[in-house]
Amino acid sequence: MVKAVPRSNFERLSRDQLAVLLPELLLCGHLIDRSGMAHTIAAFGREGMTAVAIEEWQLASPVYTRRMQRAFGFTGDDVVTIFKGLQLDIGAPPQFMDFRFRVEDRDHGEFCLDHCGALLDVEPLGEAFVLAMCHDIEDPTFDATALATNPHAQVRPVHRPPRHPADRKPMCAWTVTIDPANTPPPVPPNADRIAESTAARLTLAEIDPADEGRPDYTGPLLNDLRFADFSKSALVRMADEVCLQHHLLTLGFLIAVRDRMARGAATELGRKQFTGIAGLTAERLRKALGLGDDASALATVLRLHPAWNPLPYTNIRVDEDEDSVRLTVPRASGAEADGAWPALIDADHLAPVDAMARAVNPRFAARAVDSGEDELIVEIVRARESFREATEVALTRFSTGAAFVFTDRGIPLPLTVV
């Protein structure tokens with residue numbers, strides 16, 4: 001077991017700030033796929049992109065779902081447990097993927113999507129892409145997520161896109177059935193590589209039950225989660241867990257890509273995916289927290305960016321002075337050992353860092369000031385002129401999630417009786 005390091009960058013924030021940040025982290029995790037989509041299509045075609053998406057979600061979602069269940073005390077083997085897991089899953093960020101749940105009994109339930117940002121992203125690409133996402137990808141990956149709770153759970157469509165009529169709502173509807181007669185889906189190849197990763201086994205600080213607010217998600221299933229109801233220590237743990245979801249999904253993506261192309265080309269594709277989501281995530285974090293465009297704002301964004309968290313996984317340090325920021329990436333960390341995002345940057349490949357920095361101020365530029373066996377030190381300073389947005393970030397921005405705005409839905413309502 002990896003030794004716990006009782007610290008987190010998210011402890012720097014107030015409870016209110018963390019409540020704002022959590023849906024952002026969930027949404028940005030979902031948009032990782034948008035960042036990789038264009039590059040996987042270019043490399044493998046639509047069918048290859050579909051295969052990569054299936055594999056990455058199949059590998060990652062059971063692992064991080066079980067982590068979240070244990071952290072927030074809703075372990076079980078029923079439909080309610082499955083639905084609670086979806087509410088804390090980067091595959092189903094709140095409102096952008098607007099899941100509405102109905103529970104019939106412990107073994108039977110339904111959900112529909114009143115709004116599906118993923119569908120709105122692919123509908124303009126044509127029916128073939130809609131079928132790829134809503135049929136080819138969803139069938140095996142919904143079951144993979146459900147099996148984290150019960151291997152005999154099956155998720156089956158009532159209706160789904162292509163939409164007829166074109167504005168049909170809810171956009172899709174599904175049943176969830178648990179039956180011992182249901183044959184569990186096969187364990188995908190490479191599942192052990194994710195399950196045995198440092199990210200999967202990482203120990204994080206326990207939630208303090210004495211903190212004001214909810215320490216867990218025991219009790220009834222709620223129609224929506226209001227993050228402001230959770231305690232600060234619960235939100236810190238939740239933020240770190242969601243960041244691990246980002247890394248686990250990316251590890252699955254890199255495994256799938258490396259099985260399909262030469263390692264050097266796969267690493268370059270991974271860097272493009274990283275650059276696109278790095279910039280868009282930094283932009284959304286800056287706006288969500290109302291930050292400026294100076295070095296202090298950049299340091300805050302870097303400390304909170306999912307690529308560099310949780311700290312026990314990355315051990316990354318961010319230092320600032322009046323005019324510059326230094327990012328220190330140690331080469332001895334769980335993230336490096338796994339080959340996660342920090343392992344993709346070096347002195348000659350700083351595009352993801354530039355993308356983060358320029359989301360705060362387009363004049364920021366990164367350069368390596370030390371690159372040895374022990375660590376990489378990157379200095380970020382302001383140049384005289386602005387830089388153009390990276391192509392990888394622009395490609396990720398095609399998603400409606402780039403400009404999505406969360407709303408306050410008020411007091412959550414219980415959907416089950418405990």
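Okay, ground rules. Since the model is predicted, local features need pLDDT of at least 70 and side-chain atom pairs count only at pLDDT 80 or more, while totals for chains, interfaces and linings use all residues. Numbering runs from 1 along each chain as its sequence is written, and side-chain values use heavy atoms, with hydrogens and water left out.

Let's start with the overall build. The protein has 14 helices and 8 strands; these are DSSP runs, H or I of at least four residues for helices and E of at least two for strands, numbered from the N terminus. The C-alpha trace spans about 60 × 50 × 40 Å along its principal axes. Of the 418 residues, 56% are buried, meaning under 20% relative accessible area with a 1.4 Å probe and protein chains only.

Now, the pockets. Rolling a probe the size of a water molecule over the atoms shows where empty space is left. Here a pocket is an open set of points on a 1 Å grid over the protein atoms alone, where a 1.4 Å probe fits, with protein on both sides within 12 Å along at least five of seven lines; lining residues have an atom within 4 Å of a point. Volume is the space filled by probe spheres set on the points, which are joined across faces, edges and corners.

The largest pocket holds about 730 Å³. It has 34 lining residues, and Pro23, Gln95, Phe227, Phe406 and Thr407 are the closest to its centre. Helix 1 (15–30), strand 1 (97–105) and helix 9 (263–288) each give two or more residues to that lining, and strand 1 has the largest share, with 5. By class, we get 19 nonpolar, 5 polar and 10 charged. Nonpolar here is Ala, Val, Leu, Ile, Met, Phe, Trp, Tyr, Cys and Pro; charged is Asp, Glu, Lys and Arg; the others, Gly among them, are polar.

The second largest pocket comes in at about 280 Å³. Among its 15 lining residues, Gln58, Pro62, Leu147, Val187 and Pro188 lie nearest the centre. Helix 2 takes the largest share of this lining, 5 residues, and the classes are 12 nonpolar, 1 polar and 2 charged.

On to the rings. There are 14 aromatic pairs, where ring centres of Phe, Tyr or Trp (its six-membered ring) lie within 6.5 Å; planes under 30 degrees apart are stacked, over 60 edge-to-face, the rest tilted. Phe111 and Trp174 are a stacked pair, because their planes sit at 20 degrees, with centres 6.4 Å apart. Phe111 is in strand 2 and Trp174 in strand 4, 63 residues apart, and both are buried. Phe274 and Trp308 are 6.0 Å apart at 75 degrees, so that pair is edge-to-face. Phe274 is in helix 9, whereas Trp308 is in the loop between helix 10 and helix 11; again, both are buried.

Phe111 and Trp174 also belong to one aromatic cluster with Phe83, Phe99, Phe101 and Phe142.

Last, charges over rings: that's NZ of Lys or CZ of Arg within 6 Å of the ring centre and within 35 degrees of the ring normal. Arg46 sits over Phe129 at 5.8 Å from the ring centre, and Arg358 over Phe387 at 3.7 Å.

Conventions:
Buried means under 20% relative accessible area, exposed over 50%, partly exposed in between (1.4 Å probe, protein chains only).
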